[in-house]
Amino acid sequence: NSSGLIVSFGEMLIDFVPTVSGVSLAEAPGFLKAPGGAPANVAIAVTRLGGKAAFVGKLGDDEFGHMLAGILKKNNVIADGINFDQGARTALAFVTLRSDGEREFMFYRNPSADMLLKPEELNLELIRSAKVFHYGSISLIVEPCRSAHLKAMQVARDAGALLSYDPNLRLPLWPSPEEAREQILSIWNQADLIKVSDVELEFLTGSDKIDDASAMSLWHPNLKLLLVTLGEKGCNYYTKNFRGHVDAYHVNAVDTTGAGDSFVGALLCKLVDDHSLIEDEGRLREVLKYANACGAITTTKKGAIPALPAHPEVLSIMNA
Ligand code: ADP
């Protein structure tokens, strides 16, 4: 297809998820291997919807790394930006499904391959061809991956791409909450578009209010669009000239993993060929309805990648 390229930068990993909740992985009768990692989910969300996406990141040169690269390729994600580390292994997450529905994670990341991507290993030609550059990885906090992130952001911006940031806060992965806040805010002003969840908004502002004032306290002068996703309540949007709310679709949610990534992928698909739609509230609201529909569908199936919808499915819930 002829749409512009969305480059998604960050980590891809495998979640090992027990088949039953309320027990640790070690006590579970079985487990599923679920490929994930927010930036990789976003790339696949885009291609499922018919857009063009590339993933940039590093995997271990091991069975898991090659399996993940294979999943990206099978989903038509351009894989020319993937490096394989000869020493470190692919990141893994061991999940516990608590009986209250929350998830607990234990990670293999000491360090995992994704954290070891070096600036000189970046496929700059690929990054320069991006119309949208999306990032937001936990690997942003460690060298050499931090420098690789900063360089990729600069190269993409210089080539005219829209910069899209999702902090993907997973607090247990950070050395401390203070450091998480500081690091996230240290790159805040570079993005054109930022998507945060309600939980991230509370964390970053240090307030338990999820309202316009707290969202606007995160506004920066170069920002074009700030989105706050609210789970089953939909999303709020903020631009220089207007702000508003778009309701979610009612669905029977079974697993919300990947809903935010699905939402972001859908939004970027619509923005990639027309950055100016951010300035038109009517058109932006249509796009956010579409993104909400994608997020909603993703919650109706288990896992992230298997649950990401194709375009016709999205239209069918929007027209229902
Ligand atoms: P994140 O996964 O980043 O925490 P959210 O859970 O807010 O993000 O989900 C992103 C979007 O997906 C929401 O804005 C909403 O449109 C949709 N969504 C998420 N959970 C539900 C739900 N239970 N019912 C309907 N839509 C949902």
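With 16 C-beta neighbours inside 10 Å, Asn-76 counts as partly exposed; a residue is buried if 20 or more other C-beta atoms lie within 10 Å of its own, exposed if 12 or fewer, and partly exposed in between, with C-beta atoms placed from the backbone. Asn-76 sits in the loop between α2 and β5, where helices (H or I, at least four residues) and strands (E, at least two) are DSSP runs numbered from the N terminus. Although Asn-76 is not a glycine, its phi is positive, at about 65°.

The model is predicted: local features need pLDDT of at least 70, side-chain atom pairs count only at pLDDT 80 or more, and totals for chains, interfaces and linings use all residues. Residues are numbered from 1 along each chain as its sequence is written. The protein chain has a mean pLDDT of 94, with 99% of its residues at 70 or more; pLDDT is the predictor's confidence in each residue, from 0 to 100. The scores of the model are ipTM 0.98 and pTM 0.96.

The loop between α2 and β5 also holds Asn-75. Asn-75 counts as partly exposed, because it has 18 C-beta neighbours inside 10 Å. Leaving aside neighbours within four places in sequence, Asn-75 is in contact with Ile-44 and Thr-47, contact meaning that the C-beta atoms of two residues, placed from the backbone, lie within 7 Å. Asn-75 and Leu-92 are 17 residues apart in sequence, and their C-alpha atoms are 21 Å apart in space.

Helix α2 comprises 12 residues, 63–74, and reaches 16 Å from its first C-alpha to its last, close to the 16 Å expected at 1.5 Å a residue; the expected span is 1.5 Å times one less than the number of residues. Which residues of α2 are buried? They are Phe-64, Gly-65, Leu-68 and Leu-72. Seen down the axis of α2, these buried residues fall within an arc of 105°, so they line one face of the helix; the arc is that of the directions from the helix axis to the C-beta atoms. An α-helix has 3.6 residues a turn, so residues three or four places apart point the same way. The buried residues of α2 pack against β2 (13–18), β3 (31–36), α1 (38–48), β4 (52–60), β5 (78–85) and β6 (92–97). On the face turned away from the buried side, α2 carries the exposed residues Glu-63, Gly-70 and Lys-74.

The peptide bond from Asn-110 to Pro-111 is cis, with omega near -10°, and Pro-111 lies in the loop between β7 (103–108) and α3 (124–128). The bond from Glu-143 to Pro-144 is likewise cis, with omega near 5°; Pro-144 is placed in the loop between β8 (130–135) and α4 (145–158). Asn-168, which is not a glycine, has a positive phi of about 45° and is found in the loop between β9 (162–165) and α5 (177–186). Is Asn-168 buried or exposed? Asn-168 is buried, because 25 other C-beta atoms lie within 10 Å.

Asp-198 belongs to helix α6, residues 198–205. With 17 other C-beta atoms within 10 Å, Asp-198 is partly exposed. Not counting residues up to four places away in sequence, Asp-198 touches Ile-210, Val-228, Thr-229 and Leu-230. The C-alpha atoms of Asp-198 and Ile-297, 99 residues apart along the chain, are separated by 19 Å.

Thr-229 leads on to the ligand. Of the 19 residues around the ligand, Thr-229, Ala-259, Gly-260, Asn-292 and Gly-295 come nearest; a residue is near a molecule if its C-beta atom, placed from the backbone, lies within 6 Å of it. The elements that give two or more residues to this shell are α8 (259–271) and α9 (281–299), and the largest share, 4 residues, comes from α9. By class, the shell has 9 nonpolar, 9 polar and 1 charged residues; Ala, Val, Leu, Ile, Met, Phe, Trp, Tyr, Cys and Pro count as nonpolar, Asp, Glu, Lys and Arg as charged, and the others, Gly among them, as polar.

Helix α9 also contains Ala-296. Ala-296 is buried, because 25 other C-beta atoms lie within 10 Å. Apart from residues up to four places away in sequence, Ala-296 touches Ala-248, Tyr-249, Val-251 and Ile-317. Ala-296 and Gly-231 are 65 residues apart in sequence, with 8.6 Å between their C-alpha atoms.
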